[in-house]
Amino acid sequence: MQPTSIHDSVREHYAELARTSNSCCGSNTGNSMLYDEKLIQTVPADISGFSLGCGDPITLAKLQPGETVLDLGSGGGLDCFLASKQVGEAGRVIGVDMTPDMLAKARANAQRLGYPNVEFREGYLEALPVEDHTVDVVISNCVINLSPDKPQVFREVFRTLKPGGRVAVSDIVTNSALPKKMQKNMEAWGACVAGALDQREYVRGLREAGFVNVQVQPKSQTDQALAALPIGVPFSATVTGRRPLENEQPLGEMSSEVTTESTQSALEQFDGLKQLIGDITDLNAIENGYDLRLQGDPKLIRARVEELRNAVGCCTPLRFELVEAPDGLHLHLTNAPETAFVSIDSLN
Ligand SMILES: C[S@@+](CC[C@H](N)C(=O)[O-])C[C@H]1O[C@@H](n2cnc3c(N)ncnc32)[C@H](O)[C@@H]1O
């Protein structure tokens, strides 16, 4: 396979992170909070602290003893090590990554832990170094968004899975198109933002590759709230699907979906956001996000923005800032420069 300039740029970004050992939130323990404490405690703290993921595909995958697991973009190996414990000695875990520095880190960790059933292979998601129909479960944590050819990744995942095999992925997706400038920015690619697929495209892509029971859902209540915003923003999602059994009858359109009901219920549960959306009277793109003009009681608007800001976790690339202008209050919804996701300077 011929790597593209996006592969090269993304590889450079992650090679640097592997060498400097930073997690996406700028601290070495930032992302271990993505996992249940009991689960994450099964590996040493320095290994659990090196997570560049955006969710917990291990719990999502409901792994069984004896299963073969393939982790796409295995990074420092955390999800592979967590999976290894769950599939046991009769099972097997293969991590694939294109960045030699990441593979070196993962292999050093594996040697230290001494897990006999984990191996790391160098390769691309778009040309997986894995035999046909040999995998029970494909997992991945915040990686598919980084691929410049997602339909090819979906075809490769399908090829490697056994009939009846499943996909359990955590990824960044969008609710609609991101600002054009962000889509073109290489740093934003590396930071898991620019390449994020619209959640409906994700479903369509997996279905076209042959998967059934495809679901793309916002990961948490905050992600549901972000997905409900009337503008294009990235958020974390869980993605599940299944390769049909041989001779299985296609189940039709209804079997695959983006869960729009969850967006509705987010609006119901997240009262402040629902009202905030109702307060928007004008929407304009600005340099690195959106300017929303709001109408209503300034005190209430401030309280709702505060609620939204508090609800957003450490790994969102978004910042919510209230700005007073002659025509009233404006909410600037922009990329947060303090996260490693996107540097605002790089968008200029
Ligand atoms: C955001 S990190 C996630 C690492 C790991 N899954 C975790 O949760 O910590 C993305 C990883 O995917 C790898 N990667 C990105 N695009 C890839 C591609 N097209 N093929 C293979 N590996 C890729 C990078 O080298 C990097 O290690």
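How do the residues of the shell around the ligand divide into nonpolar, polar and charged? I looked this up and found twelve nonpolar, ten polar and four charged residues, where Ala, Val, Leu, Ile, Met, Phe, Trp, Tyr, Cys and Pro count as nonpolar, Asp, Glu, Lys and Arg as charged, and the others, Gly among them, as polar.

I noted that this is a predicted model, in which local features need pLDDT of at least 70, side-chain atom pairs count only at pLDDT 80 or more, and totals for chains, interfaces and linings use all residues. I number residues from 1 along each chain as its sequence is written.

Ligand entry. I listed 26 residues around the ligand, the closest being Gly53, Gly73, Gly75, Thr99 and Asn141; a residue is near a molecule if its C-beta atom, placed from the backbone, lies within 6 Å of it. The elements that give two or more residues to this shell are α1 (5-20) and α5 (78-87), and α1 gives the most, with four residues.

Fold entry. I found 15 helices and 13 strands in the chain, these being DSSP runs numbered from the N terminus (helices H or I, at least four residues; strands E, at least two). Buried residues make up 49% of the 348 residues, buried meaning that 20 or more other C-beta atoms, placed from the backbone, lie within 10 Å of the residue's own.

Confidence entry. The chain averages a pLDDT (the predictor's confidence in each residue, from 0 to 100) of 83, and 80% of the residues score at least 70. Over residues 22-30 the pLDDT is below 50, and I found it below 50 over residues 338-348 as well. Where pLDDT is low, the predicted coordinates should not be read in detail.

Notes. Two residues are in contact if their C-beta atoms, placed from the backbone, lie within 7 Å. A residue is buried if 20 or more other C-beta atoms lie within 10 Å of its own, exposed if 12 or fewer, and partly exposed in between; C-beta atoms are placed from the backbone.
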